[in-house]
Structure formats: C-alpha cells, structure tokens
Amino acid sequence: MATFLVEGGNSLKGSLTPQGAKNEALQVICAVLLTQEDVTIENIPEISDVLQLIEILKGLGVQAERIQKGTYRFNAANVNIDFLKTETYAKQAASLRGSVMIIGPLLARFGRGFIPQPGGDKIGRRRVDTHFTGLQKLGAKFTFDAQHKWYSIEAKKLKGAYMLLDEASVTGTANIVMAAVLADGTTTVYNAACEPYVQQLCKMLVSMGAQISGIGSNLLTVTGVGALKGCSHRILPDMIEVGSFIGLAAMTASDITIKNVGAEHLGIIPASFRRLGIKVEQHNDDLVVKDTQHYEIENYIDGSIMSISDAPWPGLTPDLLSVFLVVATQAKGSVLIHQKMFESRLFFVDKLIDMGAQIILCDPHRATVIGLNRENSLRGTKMTSPDIRAGIALLIAALSAKGKSSIDNIEQIDRGYENIEGRLQQIGAKITRK
Ligand SMILES: CC(=O)N[C@H]1[C@@H](OP(=O)(O)OP(=O)(O)OC[C@H]2O[C@@H](n3ccc(=O)[nH]c3=O)[C@H](O)[C@@H]2O)O[C@H](CO)[C@@H](O)[C@@H]1O
Ligand SMILES: C=C(OP(=O)(O)O)C(=O)O
C-alpha cells in the first residue's frame, strides 16, 4: 500500500493539462473487440484501471501495441474466448468496473460472454441489471451463478428490439449499444445515458461503420450491420480531472490555468463551480481559475440554501461531488451536497471534520457544509483514501491544510489520475510518494 506525504498550506501556480478521460477510455477500449481490423486510440490515460483492462484484452488474444505514450493500436482478429474461464480473468475482471463492458462486444461478435461481479469503487450498490435486461431484450439468454457471482450471457444471433431502460446507466448503455450494432434489425434505446463518454463511444462506432442516430440524446436508434471495420479515435480530456483541478485551485487559493479542457464537453461543470463563487474563465479551450482567495456560495433566488446534487447527464456528474464538498469547506456560506446515486460516497467527511471542516453528515446521501471563509485553515492529518474521488478530495484538502498530512491507500487515486504527484509538483505542490 503506497502513501502520499503532503506538506500543505502553500498556494500553487502554473498550468495543468488534463489526461484523457478514464471512463471514455474504458468504453472505447472494449469496443475494439467488435472488429477484426486495427483500431488506433489516442490520448489513453495510462492509469491502473485502463492498463488492467488492456491486460484483460491481451489475455483474450487482442494485440495491443503501444505506439507512443497514450497511443495504442489494437487488433482483435484472433480472440480466445476460453480465456474467460481462467482464474487470471476472474481476478482481473473483478478488479475494475469497466471490465463489464467487454460483455456487449463479446456477445455481439462471439455469441457469449461471462463476467464476475465487476469491481470499481466501493461507493454503494453497483448493480448490473440494466445491462443484462437490455441484452435479454436483444434475445440473449442470461444466467447468474449466485454462489460464485458469475454473470453469463449467450445468443446465437441478436435481434434488434425496443427497450426503455430502468435507469440511464452509463456502462449499461455502452454495453447494449455495443451489442446492438451487430444485431439483426433496429434497436431503440430510450432512457439511454448520454454522458460524453457514451457520445464518444457512439461516434467511434459510427466511424467503424455502425448506424446510430440520436447521439447525445436519451433516445438512441441503432440499426445493426454485418461487420465493423477499423478506425482511429481520440479520447476527450477527462472532465472529472478538469473539475478536480478547479477544486484544487480554489481550495489552495491558487491561480491555475487548465489547458485544453474540451470546453464544449464539460456541460454544467464550470457553471456549478461558479455557483460556489469560484471565478472560472474560459480562454479559448483553456480554463483560468483565479482570484480564489475568497469565494462565496450563491443562495437560491428566494434566499434559501443552495444544494449541489448529481443527476444523469446533462446533470452534474456524481464523480465530482466529493470535490465540490471539499471546496465548499473554505467558501463563505453554506451548501447542501446531495449525492443521489451512490449511498456510500460521503463517509470520507469524517476526515474533513477531523481536519477542522464544519460539516453535518445528515444521512449517507446528504452533507451540509458550513464554509469557513478561510477564517480557519484545515489541519493536516493522517488519512486513507476510501475511493478514487474521495481520495482526490482528501488530497486537495491536505494540500490546502496547515501542516503535514499522509494519505494511505493511494492506489485508489492511481486508478483514475495519472502521475498526479508529478504533475502537482510542477505547479509547486509539496507531495511525495512513499
Ligand atoms: C466506468 C464508468 O464509466 N464508471 C462511471 C459510470 O458507472 P456505472 O455505469 O457503473 O454507473 P451507472 O450509470 O450504472 O449508475 C451509477 C449509480 O447511479 C444510480 N443511477 C443511475 C442512473 C439513474 O438514472 N439513476 C440512478 O440512481 C445507479 O443505480 C447506480 O447506483 O457512471 C457512474 C454514474 O455517472 C459514474 O459514477 C462512474 O464513474
Ligand atoms: C466511480 C468511479 O469509477 P468506477 O465506476 O470505475 O468505479 C469514478 O470514476 O468516480
């Protein structure tokens, strides 16, 4: 288990460039299984979850050649489905959530797929019902081995169908679309997730010859084709990393420029930080965060206390609520942070309270933050990263705090942020890995 040692309380200065988006990478890398031809993907973040997924594909027989940092050429002409029966696969697939998205492509191209209970953040229940209900609608047969927690799906040939998803699941939509692109006939997916990750996957599939309309909306229409060809695809900047950097600038009272953010794909994220009073200016495709010494949370028009809550896209992504929460601790004013989707993502506030933050954890989904308005600094402490986003939020808190902090279990942060200490050191952060 690795640890970050942080000496906080200094402001940072300079620019940061976001990596490619983790959650898009996990989708588009799974999509290479849909074709026999070469697929080249650029801007792949070399983070542990993504590297683990590439290992799974290699185990399946996919050739994955690293052309240069972040650029890989994949070829899935020869896939060995029997790899799915190995212990190695069981272990690898259970270590990340994104592995669940090999199921759709394998079902579409090879007629079957198995997956152990997918891993990922332990942030509450992470069901996969939407995935398998959707695949069953396409005519696949589903079985669940409750004792070993193995999910299996098979079909000789998939057939297009209409489906109204029970929830707009991001990975579920990706799986269903990847299965439908090679099905007979037309599939209509209503209440589809439409996060930029899903939009990017659909665009990539279209460049491989798939027929998909409604991209960017919650109604996708997919007309199956006989086979897909190769393509080149570039992953968007990671919007969660962009948001994390805005939060970092605010908490550490720093001027930071975030370069090449893919501003048109950030949705409501910059505006939501502005509602906390943070000055976020857009200069071409860069975001400039400045004058962060004081920021004041807005109230609603009627004077009542604002809440920041998550919702499926184009709502605010749940993956940034931990950062919003930490940023609010030094604002002027109060805010209710309401994490609607996941039920175990707010428990890390205990550590922030130990550090001196004023937070009332109302229940597992809601925390009220009473901002300190920088009248008191947070105090450094010893902590452990419970999940990827609480991890980055605690790191931001530690960088803003007076004194030294240590953060254990930073493998959680490494799942989603590439060489975070190296990049933060370059803008003046005192952080080392032990
Ligand atoms: C690898 C990957 O891409 N992971 C992301 C993906 O996970 P993932 O695809 O696993 O998440 P889902 O979209 O399936 O759902 C996330 C949670 O939200 C709940 N839910 C979902 C939709 C909805 O309309 N109402 C609702 O309550 C689900 O019950 C579940 O508990 O999307 C999540 C939601 O943006 C993000 O947090 C994860 O980072
Ligand atoms: C919850 C997340 O990831 P995963 O779905 O991979 O666990 C996240 O990226 O915040």
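Visitor: What makes up the shell around ligand 2, class by class?
Guide: The shell residues divide into 3 nonpolar, 4 polar and 6 charged. Nonpolar covers Ala, Val, Leu, Ile, Met, Phe, Trp, Tyr, Cys and Pro; charged covers Asp, Glu, Lys and Arg; the others, Gly among them, are polar. The model is predicted: local features need pLDDT of at least 70, side-chain atom pairs count only at pLDDT 80 or more, and totals for chains, interfaces and linings use all residues. Residues are numbered from 1 along each chain as its sequence is written, while chains are lettered from A and ligands numbered from 1 in the order in which they are written.

Visitor: Which residues of the shell are closest to ligand 2?
Guide: Arg97, Gly120, Asp121, Asp319 and Arg389 are the closest of 13. A residue is near if its C-beta atom, placed from the backbone, lies within 6 Å of the molecule. Helices α1 (22-31) and α12 (388-400) each supply at least two shell residues. A helix here is a DSSP run of H or I, at least four residues; a strand is a run of E, at least two; both are numbered from the N terminus.

Visitor: How do you know where ligand 2 lies relative to domain 1 and domain 2?
Guide: Both domains give residues to its shell, so ligand 2 lies between them. The bounds are 3-19 + 237-433 for domain 1 and 22-234 for domain 2. They come from an automatic or database domain assignment. The domain centres, taken over C-alpha atoms, are 31 Å apart.

Visitor: What makes β9 and β11 edge strands?
Guide: The open sheet has 4 strands in the order β9-β10-β12-β11, with mixed pairing. β9 (162-164) and β11 (211-213) each have a single partner strand, so one side of each is left without a neighbour in the sheet. The twist averages 15 degrees from one strand to the next.

Visitor: Why do β11 and β12 count as a pair?
Guide: Pairing needs at least two DSSP bridges between two strands. β11 and β12 (219-223) have 3 bridges and run antiparallel, so they count as a pair. Ser213 stands opposite Thr221 in β12.

Visitor: How many bridges join β15 and β16?
Guide: β15 (279-283) and β16 (286-290) pair antiparallel over 5 bridges. His283 stands opposite Asp286 in β16. The hairpin of β15 and β16 has 2 residues between the strands, and Asn284 takes a positive phi near 50 degrees.

Key. Axes are lines fitted to C-alpha atoms, for helices over the stretch in contact, and angles run from 0 to 180 degrees between N-to-C directions.
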